[in-house]
Each structure stands twice: as C-alpha cells, then as structure tokens.
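Reader: I have a model open and would like to learn how to read it. Where do we start?

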Amino acid sequence: MKKKVLAVLMAALILLAVSGCGSKTETPAAETPKAEKLKIALVLPATVDDLAWGQSMVEGLKAVQKTMGEDKVEVSISEKLGNAVEAGSAIRQYATQGYDIILAHGSQYQSVLTEITKDFPETTFAYGTGFETQANVFAYDPQAQEGGYLLGMLAAMTSKSGIVGIVGPVESGDAVKYNYGVEQGVLKGNADVKTRTAYTGSFNDIVGAGNMAKTQMAAGADILTGSSQQAVGALRAVAETEGKYWLSTDMDQSAIAPEHVLAAQVYNWEKIVTKIIELRKKGTLGGQVLTLGFADGTIDLVYNEKLADKIPAEAKTAVEQAKQDIISGKLKVELPKK
Amino acid sequence: MDGVMNYDIIIIILATGIRLATPYLLAALGEMFVQRSGVYNLGVEGIMMMGAFAGFYATLQLGSPLLGIAASLVVGALMGLLMALISVTFKAEQGISGIGLYMFGWGLSGLLFRLYVGGITSIEGLKAIKIPLLSNIPFLGPVLFNHNVLVYTAFLLVPLTGFILYKTSWGLNVRAVGNKPEAADTLGVSVVLVRYQCLIVGGMLAALAGAFLTIGQANMYADNITAGRGFIAIALVYFGRWTPWGIVLGSLLFSLADSFQSMVQVLGINFPYELAVILPYIVTIVALSVSYGRVWAPAALGKPFQRGTRG
C-alpha cells in the first residue's frame with residue numbers, strides 16, 4: 001500500500017514539475033463572416049496580467065487594435081500554456097480556425113512551432129525570444145541587455161548602500177541576457193558598487209521571488225531588479241521596505257508600487273506587431289528576425305516621475321548619454337558568453 | 001567576495017528559514033491528521049490555492065487580514081468536506097480524487113481571481129509581531145520572536161497537535177481508525193465521522209498555509225501561488241513519519257537549507273546555482289534515506305472503510 005501511495009505522490013510531483021502550468025484556453029470568438037478582418041492569436045506561457053512579459057505583449061496588441069480599428073483586428077488569447085505540448089495544440093487549433101497571425105510568446109515554443117508551421121503555409125507565425133526562422137515564421141529578439149545596462153548604471157549611481165540585488169528566475173536565456181546587461185551597467189556607473197545575482201530556480205514562484213528579495217535586502221541591497229512573471233513578488237517585497245527601490249523590465253510596473261519603482265525598460269510590442277502585419281500585407285509571411293532595441297524605439301526607458309528626485313541629476317545625464325550612444329551604435333552592450 | 005558568514009547573516013538565515021517553514025508545517029500537520037485517520041489527501045495543493053485566494057480576497061474586501069484568515073478556514077473546511085464526501089462517503093480511489101481536488105482548486109481559484117479581482121492587486125497583509133521581552137534576547141530574539149501571527153500559530157500547533165493525537169480520546173480514536181478501523185467500529189467509534197473530522201481539520205490547516213502565502217508573505221495573489229508547496233508538505237508527512245515532531249524537523253531542515261542556499265547565492269559565494277536551488281531537496285532526501293529505519297505507516301491508509309469487510 002505504501003509503495004502505491006508513494007508512486008501516486010511521485011507521479012503528482014512529476015506531473016507538477018513537467019507541466020508547471022495548467023491551461024485555461026479562452027475559446028476564440030466565433031468566426032466572423034467579414035473576410036477583411038485580420039485575426040491575430042496570442043499564446044502565452046503565463047497570464048495576461050503578469051505585469052511582465054505576457055502583459056506587455058497583450059497591451060501591444062490592444063494598441064494595435066486601437067490604431068487599426070476594433071472592427072479591423074480580432075485578437076484571441078490563450079494563457080497559462082507553459083507546457084509546450086498544450087501550447088502546440090492551441091497553436092494548431094488557431095491555425096485551423098484560419099487565424100492570420102499567431103504569436104507564440106515564448107522561446108520555449110520554438111520546437112513546437114517547427115512541427116506545426118509546415119502544415120499551414122498561408123499562416124504567419126511569430127515567436128520569441130528566438131533566432132530560428134522559416135518561410136512563414138518570424139522570430140523576435142528583444143535586446144534586453146541594452147535596457148539592463150542603462151538600469152544598471154542608474155542603480156549604481158543611485159544606490160546608497162553600494163549593493164544592487166538581482167532576483168533572477170532561472171539562469172538561462174533572456175534572464176541571463178538582462179542580468180548580464182545590468183552587471184555591466186553597474187560596473188560602468190560606479191565600479192565600487194557590487195551586483196549580487198541570485199536565482200529562485202522558477203519563473204512563476206512569486207512567494208519565492210519575494211523571499212529572495214527579502215534576503216537580498218537583509219544582506220544590504222537597496223536597489224533591486226529582476227525579470228519574468230514572478231518579479232512582481234520581489235517588487236512587492238521591495239515596496240514594503242522603506243528606502244528600497246525597484247527597477248522593472250518588460251513593462252512599467254510602477255502602477256502597483258508608485259513609491260518604489262524608479263524606472264523601467266519597456267518593450268514596445270505595438271511596433272513589432274505592426275511590422276509583422278505590414279510585412280504580411282506585402283507578401284512576406286516570415287523568415288526574418290525582428291530585433292527590439294533602443295535604436296528603433298521598440299525598447300524604451302521610462303522614469304517614474306513621482307520619484308524623479310530620488311535619482312541624482314548626474315545619474316540621469318549619464319544614463320541618457322549612454323542611451324544615445326546605444327542608439328548611435330557607439331556603445332555595444334556585450335551579450336553573455338555561451 | 002564579501003562572503004563571510006557573520007553573526008547578522010546567520011540570524012537572517014535562521015529567521016528566514018523559520019518563516020519559510022511555516023506553510024509546510026501548517027499544511028503537513030493537517031495532512032498528518034488526515035493520514036492518521038486512514039485517508040491520504042493529495043489535494044492539499046488545491047486546498048492551499050483556494051485558501052490563498054479566500055484569505056487574499058477577504059483581506060482585500062474587508063480590510064482585515066484576520067478576517068482573511070477566518071475566510072480561508074471556512075473555505076478550507078468546505079474543501080475538506082468535499083474530499084470527505086468523495087473519498088469517505090462515495091469511497092472513491094483516494095489518490096485520484098486528491099489529484100482531482102488539486103486541479104479543481106487550481107482552476108477555481110484562478111477563475112475566481114479573474115472574475116472578482118482581475119489583475120495583480122496588493123493588500124496590507126499581516127505584520128510581524130515582536131513578542132515583548134523575548135524579542136530582546138540576543139540572537140534568539142530576532143530569530144524566533146519577530147514573526148507574524150501565523151508563524152507563531154504554526155509552531156505552537158506542533159505541541160498542540162502532539163497533545164491532541166496522543167493524549168486525548170479523540171486522538172486515540174483517530175489513530176485507531178487509521179490502524180484498525182474494524183476494531184474501532186466494533187467499539188462504537190464512527191469511522192466515517194472521525195475521517196470527516198480529520199479531513200475538515202486538514203483542509204482548514206492547508207487553507208491556512210495557503211493564506212499564509214498571500215496575506216503573510218506575498219501580500220498579493222497570482223495564479224499558481226503555491227508553486228508545489230502542497231506536494232512538498234505531503235512528502236514531509238512521510239518524512240516526519242506521521243508525527244508532529246518529525247514534521248517540524250523535516251519542515252525546518254528543508255526550509256533552512258532553502259534559506260541557506262538563497263544567502264549563499266546572494267553573497268556571491270562561489271557555488272553552482274543549479275546545485276544551490278536543489279540543495280533543500282537533496283538535504284531532505286539524504287536525511288530521509290539515512291534516518292529511515294523501521295517503516296511504519298497507518299495500517300489502513302488509503303483503504304475506504306466498509307463495515308463488515310476486512311481491509
């Protein structure tokens with residue numbers, strides 16, 4: 001009997017580890033007879049309101065809808081599809097239903113896409129962060145290290161304790177790219193300031209991220225940052241502590257902690273999606289890597305006006321100068337070595 | 001490399017470890033009663049999610065984390081009742097119904113959040129309470145006596161549940177029902193009633209563990225906030241051999257290892273991150289395999305009770 005119990009328990013744990021996320025597919029609205037309506041589907045690993053990666057894309061799509069007209073663009077979203085197999089079936093379903101553009105918003109969807117895209121040569125697929133394209137697949141690649149660099153400079157020149165803390169999710173891909181940028185920026189901003197990087201080992205454990213932030217702060221960090229959907233947990237912990245500040249990435253998170261978010265790296269997905277739509281109109285269904293960076297305004301740095309007095313003037317000047325240097329190509333922020 | 005483990009750092013590691021142990025301890029002590037009565041409830045994670053949402057939502061609406069705690073207890077009792085109905089009255093296979101309850105709790109809590117809250121919202125959660133005098137003791141004060149009320153509750157429950165289980169007649173009934181339900185039945189103890197009671201108590205404690213995450217830790221709610229803690233709690237019941245002392249030992253071991261590895265990472269001590277994040281699991285598994293002698297479990301664990309048959 002005991003063995004059986006353990007077996008069930010193990011199975012449950014494995015299920016948990018493998019799936020990570022359940023799925024709640026919002027059934028897409030019934031197909032409209034209007035042929036000219038552009039149909040876009042979005043598949044998200046986390047939620048539409050994660051205040052990070054997922055939500056930034058959702059807001060980009062809303063902006064596209066607003067610009068082009070609600071009656072011209074239809075958007076359907078499936079969230080919580082961290083499991084690539086479940087995501088794959090959602091993507092296939094959207095393709096079968098005649099969606100024009102399907103955005104698989106996660107680097108983990110790359111291999112699933114390669115199995116599906118050949119069956120739907122008329123459909124445009126896009127995913128990211130990624131580099132591998134096909135005839136009808138775009139890949140998009142935010143230069144997270146650029147904003148990380150600027151935020152790192154800002155942190156180093158603003159920190160009073162001399163310690164900048166990073167609450168990372170899993171040491172891979174985008175998170176490492178961003179963190180590496182922050183580390184370089186801190187070094188540039190003030191070589192005496194230390195960056196302390198720690199990972200929780202999860203993307204969606206907001207309680208774990210909060211606890212990691214508490215440990216960072218207890219050990220002396222006064223400016224913290226971190227990426228992924230669990231970052232709000234760390235931000236909330238920062239927001240509860242006097243004199244501690246947060247730098248957000250992917251989108252501006254100051255709405256939930258106006259007194260503690262100094263600045264943010266913001267992705268402008270509207271421009272990327274608009275570009276995909278235009279390329280598709282011209283007959284290019286895929287095959288390009290779309291880079292997000294400061295140069296074309298697809299990434300931007302926004303400051304929290306409420307906390308403008310917390311950032312020393314020379315820090316802001318230096319950061320703005322570095323931003324111009326990134327735009328002009330004078331400054332290249334290094335990518336982590338593989 | 002300023003990675004010297006000084007006095008202050010050790011205090012942080014220990015105090016954090018105690019805080020981290022709280023949800024495991026609450027949920028595992030509840031599950032201990034459930035399993036002692038002969039039922040295993042694998043739905044702890046789902047109940048925790050429901051408790052996490054209920055606690056969060058009541059706090060958000062009513063402005064008081066204490067009412068949040070009350071709400072989570074009610075929801076936990078209902079979830080326990082549901083599990084009792086399925087596994088005791090309808091005698092469904094317990095493993096499957098537990099997994100079902102887990103998925104039900106996950107789906108429902110996510111749905112309710114989407115319907116009634118919408119986006120990420122933060123709340124004023126429980127504040128740390130410094131215990132007068134005791135919190136001034138050097139070293140022990142900041143480690144043990146500067147936590148929120150649910151942390152104290154969880155640790156006070158250890159001797160309390162021990163007393164209930166071993167020194168009261170109800171505790172005797174629970175143990176009898178989990179070991180020899182036929183004998184207990186013959187002596188006039190209602191197996192069904194005791195199992196219902198245990199599942200309800202277990203549900204309440206699991207929900208309280210969930211509420212601790214939302215109103216005692218994160219001060220917000222997000223999908224999948226429990227992130228597998230309910231399953232770890234079930235594993236800790238086995239680790240603790242169905243005793244409160246074993247469970248508190250396992251919870252502390254796991255959580256202190258977790259707290260320690262976080263600090264090792266933060267201080268930049270040269271230690272591979274991949275190893276650091278799995279350290280709590282390794283320590284627990286090693287301790288389990290080294291310490292396990294005679295394997296004992298409630299004899300009737302997992303067997304639905306049917307009067308007139310032998311289990």
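Author: With how elements are counted. Helices are DSSP runs of H or I with at least four residues, and strands are runs of E with at least two, numbered from the N terminus. Note too that this is a predicted model.

Reader: How many helices and strands does chain A have on that count?

Author: Chain A has 10 helices and 13 strands. Chain B has 12 helices and 2 strands. In sequence order, chain B runs α-α-α-α-β-α-β-α-α-α-α-α-α-α.

Reader: What does the radius of gyration say about chain B?

Author: Compare it with the globule rule. The radius of gyration of chain B is 20 Å, close to the 19 Å that the rule gives for 311 residues, so chain B is as compact as a globular protein of that length. The C-alpha trace spans about 70 × 50 × 40 Å along the principal axes of chain B.

Reader: What share of each chain counts as buried?

Author: A residue is buried if 20 or more other C-beta atoms lie within 10 Å of its own. In chain B, 54% of the 311 residues count as buried. In chain A, buried residues make up 53% of 338.

Reader: Which domains are assigned in chain A?

Author: Domain 1 of chain A covers 37-142 + 269-292, and domain 2 covers 144-266 + 297-328. Their C-alpha centres lie 28 Å apart. Across the boundary, 14 residues of domain 1 are in contact with 15 residues of domain 2.

Reader: Which elements build the domain 1 side of chain A?

Author: Helix 2 (53-68) and helix 9 (269-281) of chain A each give two or more residues to the side of domain 1 that touches domain 2. Helix 2 of chain A gives the most, with 4 residues. By class, that side of domain 1 has 7 nonpolar, 5 polar and 2 charged residues.

Reader: How do I read a single helix?

Author: Start with the general pattern. An α-helix has 3.6 residues a turn, so residues three or four places apart point the same way. Then check the span. Helix 3 (residues 65-89) of chain B has 25 residues and reaches 35 Å from its first C-alpha to its last, close to the 36 Å expected at 1.5 Å a residue. Just after helix 3 of chain B, Lys91(B) takes a positive phi of about 55°.

Reader: Is Ala84(B) buried or exposed?

Author: Ala84(B) is in helix 3 of chain B. Ala84(B) is buried, because 24 other C-beta atoms lie within 10 Å.

Reader: What is Ala84(B) in contact with, beyond four places in sequence?

Author: Ala84(B) is in contact with Thr89(B), Arg195(B), Tyr196(B), Leu199(B) and Ile200(B). Also check Gly203(B), 119 residues from Ala84(B) along the chain. The C-alpha atoms of Ala84(B) and Gly203(B) are separated by 10.0 Å.

Note on methods:
Residues numbered from 1 in each chain as written. Chains lettered and ligands numbered in written order. Predicted model: local features only at pLDDT ≥ 70, side-chain atom pairs only at ≥ 80, totals over all residues. Expected span 1.5 Å × (residues − 1). Domains from an automatic or database assignment. Contact = placed C-beta atoms within 7 Å. Nonpolar A, V, L, I, M, F, W, Y, C, P; charged D, E, K, R; others polar. Buried ≥ 20, exposed ≤ 12 C-beta atoms within 10 Å, placed from the backbone. Rg over C-alpha atoms; globule rule 2.2 N^0.38 Å.
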